[in-house]
Amino acid sequence: MPDKAGSDERMQVAVLGGGSFGTAIASIAADNGAEVRQWLRDETLVEQINREHRNGRYLPEYPINENVVASTDLAWTVAEAAVVFIAIPSKAFRAVLRQVREHLRPEQILVTTTKGIQAEGFKLMSQLIEEETGSPHIGVLSGPNLAAEIAQKQLTGTVIASDDPVTRAYVQAALGCSYFRVYAGNDRYGAELGGSLKNIYAIAAGMAAALGMGENTRAMLMTRALAEMSRFAVALGANPMTFLGLSGVGDLIVTCSSQLSRNYRIGYALGEGRDLDEAIEALGQVAEGVNTVKLVCEKARAEEIYMPLAQGLYHVMFDDVPARDMAKSLMENEQSSDVEFMLSRESVAEAHQLAPDVD
């Protein structure tokens with residue numbers, strides 16, 4: 001086990017990625033007593049982090065722990081690390097893995113923080129780590145973790161999901177501190193799917209807010225989104241109970257409620273009547289949910305999984321259907337079961353045959 005903060009030998013942590021969440025994770029680990037190296041491609045940003053202890057591009061208002069050392073040297077960054085956090089956007093994730101794998105050791109713990117899906121083969125980021133490295137120590141860090149609030153050291157909870165107890169213990173030791181609580185889970189696939197899927201519904205929530213819909217509507221949207229997320233994930237092999245935790249309902253709530261969420265802001269712009277290109281341009285950052293909507297809807301159609309919210313959002317984003325028209329059509333869908341793991345949709349459909357005709 002790694003030594004905790006305050007012991008003679010400090011844990012070595014590497015973070016790959018210079019975005020807002022990667023920077024926040026690097027600072028947390030350093031706050032917790034670890035020696036932290038952070039890899040970025042941008043030499044100017046590396047110099048700024050090392051000189052000013054600030055990431056002027058992604059977290060300009062928040063100080064970074066002075067024990068975080070940034071570098072463009074990938075081999076040096078991971079050389080001594082016990083734990084390597086990979087906070088790279090999904091489009092570049094595999095490419096970075098291929099760059100770093102020759103510098104990794106079998107005992108190192110590899111943790112993805114990226115909430116996205118690769119189109120080819122519908123692969124999650126932890127599956128890419130497994131394919132590219134063959135590591136037995138793979139984890140997923142997921143939860144209601146807005147980077148700006150973490151940087152403010154507001155109390156936050158997250159989940160380290162792994163079927164490997166060593167991975168879970170190391171990450172809890174590396175990151176668990178007075179303001180960042182790390183809870184353990186063993187459904188890596190479910191936790192990672194939850195982190196990706198909730199981005200879809202954050203876009204829908206932002207769109208609903210822009211359309212002037214109220215709190216009742218938002219509550220209905222989030223709970224129906226949770227049902228849809230878990231239906232999809234369980235069909236692909238996840239545990240439905242995972243969605244009752246921080247990486248499921250917790251992440252869904254924060255992303256559907258906060259204007260700090262990039263996906264929420266994309267949805268808000270769509271609800272204001274902008275097209276997708278205009279919404280993305282206004283945001284100025286990557287919003288993983290845009291790609292996720294397309295991939296999940298394609299997968300749902302192929303697997304015949306009922307996902308009316310996701311499919312409706314797809315039509316707004318990619319088929320130029322007006323947001324208000326799509327919201328109206330969703331309200332006209334069949335009224336089915338609430339919690340499908342208690343009462344199936346098929347049972348409700350059969351019961352509808354017993355009801356009187358009120359037309």
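A salt bridge here means a side-chain nitrogen of Lys or Arg within 4 Å of a carboxyl oxygen of Asp or Glu. Arg-54 and Glu-52 meet that definition through their side chains, at 2.7 Å, N to O. Before going on, please keep in mind that this is a predicted model.

Take the exposure of that pair. Arg-54 is partly exposed, at a relative accessible area of 27%. Glu-52 is partly exposed as well, with 35%.

How many salt bridges does a search of the whole structure find? The search returns 17. I will pick out some of them.

One joins the side chains of Lys-115 and Asp-251, at 2.8 Å, N to O. Lys-115 sits in the loop between β7 (109-112) and β8 (117-118), while Asp-251 is in helix α10, so this pair ties together parts that lie 136 residues apart in sequence. Are Lys-115 and Asp-251 buried or exposed? Both are buried.

There is also a network: Arg-94, Arg-98, Arg-101, Lys-123, Glu-131 and Glu-132 are joined into one by salt bridges that share partners.

Next, Glu-35 and Arg-10, whose side chains form a salt bridge at 3.9 Å, N to O. For a cut-off of 4 Å, that distance of 3.9 Å still counts. Here too the pair links distant parts of the chain, 25 residues apart: Glu-35 belongs to strand β2 (residues 35-39), and Arg-10 to the segment before β1 (12-16). Glu-35 is partly exposed, its relative accessible area being 35%. Arg-10, at 32% relative accessibility, is also partly exposed.

Back to helix α10, which spans residues 246-257 and contains Leu-252. Why does Leu-252 count as buried? Its relative accessibility is 1%, and buried means under 20%. Leaving out residues up to four places away in sequence, Leu-252 touches Lys-198, Tyr-201, Met-222, Ala-225, Leu-226 and Met-229.

Last item, the surface. Which residues gather in a patch of negative charge there? They are Asp-275, Asp-277, Glu-278, Glu-281, Asp-319 and Asp-320. Of these, Asp-277 is found in helix α12 (residues 276-283). Asp-277 has a relative accessible area of 61% and is therefore exposed, the threshold for that word being over 50%.

That is what I have; questions are welcome.

Methods
Residues are numbered from 1 along each chain as its sequence is written. This is a predicted model: local features need pLDDT of at least 70, side-chain atom pairs count only at pLDDT 80 or more; totals for chains, interfaces and linings use all residues. Side-chain values use heavy atoms; hydrogens and water are left out. Patches are made of residues with over 30% relative accessible area and no salt bridge: like charges are joined within 9 Å, nonpolar side chains (Val, Leu, Ile, Met, Phe, Trp, Tyr) within 5 Å. Accessible areas come from the Shrake-Rupley method with a 1.4 Å probe; for residues, only the protein chains shown count as cover. Lys and Arg count as positive and Asp and Glu as negative; His and the chain ends are not counted. The place of a charge is taken as NZ of Lys, CZ of Arg, CG of Asp or CD of Glu. Helices (H or I, at least four residues) and strands (E, at least two) are DSSP runs, numbered from the N terminus. Buried means under 20% relative accessible area, exposed over 50%, partly exposed in between (1.4 Å probe, protein chains only). Contact means heavy atoms within 4.5 Å.
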